[in-house]
Amino acid sequence: MSDDLRTRATEALADRGLHEALARATDRFVEIRRAGDDVANLDALKRAARWQRHRVMERLPEILERFADAVGRAGGVVHWAADAAEANDIVGDLAARHAVRTVVKSKSMLTEEIGLNEALEAVGIDVVETDLGEWIVQLAGDRPSHILGPAIHYTRERVAELFSARAGEELPPDPEVLCAYARASLRERFLEADMGISGCNFGVAETGTVVLVTNEGNGRMVTSVPPIHVVVMGMERIVETWDQLDLMMTLLPRSATGQQLSVYTTQVTGPRRDGEIDGPDELHVVIVDNGRSHVLGTGAHEMLHCIRCSACLNVCPVYRQIGGHAYGSVYSGPMGAVLTPLLDPSPAATELANASSLCSACHEVCPVGIPLQDLLLLRRADNAAGGAPAAFRAWAKVWSRPAAYRASIAAVQTGARMVPDTFVPSAWTDGRTVPRPRGRGSLRERLARGEI
Amino acid sequence: MDRDAFLARVRRRVDLGFPPNAAHPLARVDDVPEAVYTEPLDDLVGAFVAAVRRQGGEPHRATTMEALETVLDDVLAGAGTVAVSADPEVALVTDLLDDRSIDIVHPRGANELADVPIGVTGAAGAIARTGTVVVASSRAASRSVSLIPPVHLALVPAGSIVATPSDWWRNMDDRHPDGPPSQLVFITGPSKSADIELTLTVGVHGPKRLVVVVWEG
């Protein structure tokens, strides 16, 4: 993670273009989400989803075993990766064993988390992101800034520049034309690819099925065209039954994009079978822990319930101002501020808990009811475990005595009229003005006098 | 890490228990509820056709071979080649295609479809609420006929339409008595992207046109 949160946020706040793009994108995501409101019992479904996610976590080892056995029966191979390095080694070994030169990928946050692209590229493999937004970001040597819209921080003109440079001819800043260019270019890569890598929205344990949602169809291409399909799956990305899958799939697309269903819901159970003319000869599922098991047994365990819909990003007043990159992590917004330090408890990650106003808009929209603001507070308490600053300790002492509290209020009444806005030069006061009391006396005094 | 070690580590953590959240306590919910929709639905075919249109697809209803022929000619529009899947519904149009001296490709892989303009498939079923066509690799014998060509023509038997996605997912055993096929895809409209300035574009990777014929003959 580069620099600190303050530096990254300050840079983001100074970027006017980013501001406009963020406002447009997040407003649009919130708006389309409202349009998808065709279900009458959404709140009941959310409550049930929270409980069902909990039920899965309580029996996670058994459910993972059931899933793995079913994948095996369907002809797939399951691999277990304790951390990022192991996961990358497993995929790297598979690639080496099959002399893979080109890999096509559909969007997967987990592969960003573990740095799979870099690991494969380091051994000379050509890795192609095929989600349009991810491809734009990849061509620019950049990173995604939103779970659903990796390139929401790009204008059409910038995309046209990137594509023109690759095409060796001038392409107009017209999304239709740019999209057609991407289709033709990526189509070639799909047809020559030796391996397809996808993430996993949900595994269904009872049948060993991997469920993927995409709108562009790259999820279908990756699971249909190359001779080997590798699924890289977070160990918590699982349900036990199809009833649970149905519940989750009622919530996921509606929370993500306001769709009843994404254009393509691809459900993969094993590799190509006898009598089928296409589909991969081999299916590998890499189940990745990478810090997830350590979240179990802590007060933050509900973060593992997250289904990556990104609704919390769009409503977050902080994300809407600074965008995804300022979080310095693959995961951004409220879910990122909670998840990142859980997976990587470095000082740079733990300070992300401060990137929140604790307004709880995230909790309100979360389809599985994760109390994100409580988890942010939990992290802040951990961060402060070394002891609160002296000023706060003194403040707490004063305000725990009624007489001292009243005296301090009276002092503030007078003081706040006199001190200039710049009385303490610090970052905190840079963005704030001293509140000027109206009327005479404290609220209690004014109430007592019958003024209010 | 081997499976046993991986799972043992997870089990040790699960055994630590799940500290409750006092501010927002977890509430037990005994069933796994289904969606209740705000709008009623009584006419499956009518609702399906309306939903396909809403999703950007091109729905048609055909009760006679003549009607089917009209739609087919409209979609073919002078194309010289079509690819077909092994779905039983495709038999409906085999004679019509033969009469038109069109090259019929029974592909053996995605590479053979690179230059084919139209893919014709049947459907394992359809979903009325969402306008979804369900294709299954087990009966189509193909994942790519419905995917690679820029136009996908799907023949949907009217009797195979169910009301909601829940009707499919909660009855997997009945729908797929031998277990789920290697690939089951719910197709809801043509391929879409909004990755460039959130401007909707169609046909990024999958078909640009999804033509759906509900066969009521």
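Predicted model: local features only at pLDDT ≥ 70, side-chain atom pairs only at ≥ 80, totals over all residues.
Student: Okay. What's the strand order in that open sheet of chain B?

Tutor: It goes β1-β12-β7-β4-β2-β3, six strands with parallel pairing.

Student: Which strands sit at the edges?

Tutor: β1 and β3 (103-105) of chain B, and each of them pairs on one side only.

Student: How much does the sheet twist from one strand to the next?

Tutor: The average is 25 degrees.

Student: Let's zoom in on β12 of chain B. Is that strand mostly covered or mostly open?

Tutor: Mostly covered. It spans residues 209-215, and six of its seven residues are buried.

Student: How many bridges join it to β1 of chain B?

Tutor: Five, with β1(B) (residues 58-62) and β12(B) running parallel. For a landmark, find A62(B), which stands opposite W215(B).

Student: And how many to β7 of chain B?

Tutor: Seven bridges there, again in a parallel arrangement, with β7(B) covering residues 151-157. One pair to click on is L155(B) with its bridge partner V213(B).

Student: Where do the side chains of a strand point, in general?

Tutor: In a regular strand they alternate between the two faces of the sheet.

Student: What does helix α2 of chain B lie across?

Tutor: Helix α2(B), residues 44-54, lies across β1 and β12 of chain B, and runs at about 155 degrees to β1(B).

Student: Switching topic: how many residues does each chain put into the contact?

Tutor: Chain B gives 73 residues and chain A gives 89. On the chain B side, α1 (3-14), α6 (165-169), β9 (183-187) and β10 (192-193) each supply at least two.

Student: Which of those gives the largest share?

Tutor: α1(B), with eight residues.

Student: You listed β9(B). Which strand of chain A does it pair with?

Tutor: β9 of chain A, residues 264-268, in the antiparallel sense over five bridges. Look for Q267(A) opposite L184(B).

Technical notes. Residues numbered from 1 in each chain as written. Chains lettered and ligands numbered in written order. Buried ≥ 20, exposed ≤ 12 C-beta atoms within 10 Å, placed from the backbone. Helix = DSSP H or I, 4+ residues; strand = E, 2+ residues; numbered from the N terminus. Pairing = 2+ DSSP bridges. Contact = placed C-beta atoms within 7 Å. Axes fitted to C-alpha atoms, helices over the stretch in contact; angles between N-to-C directions.
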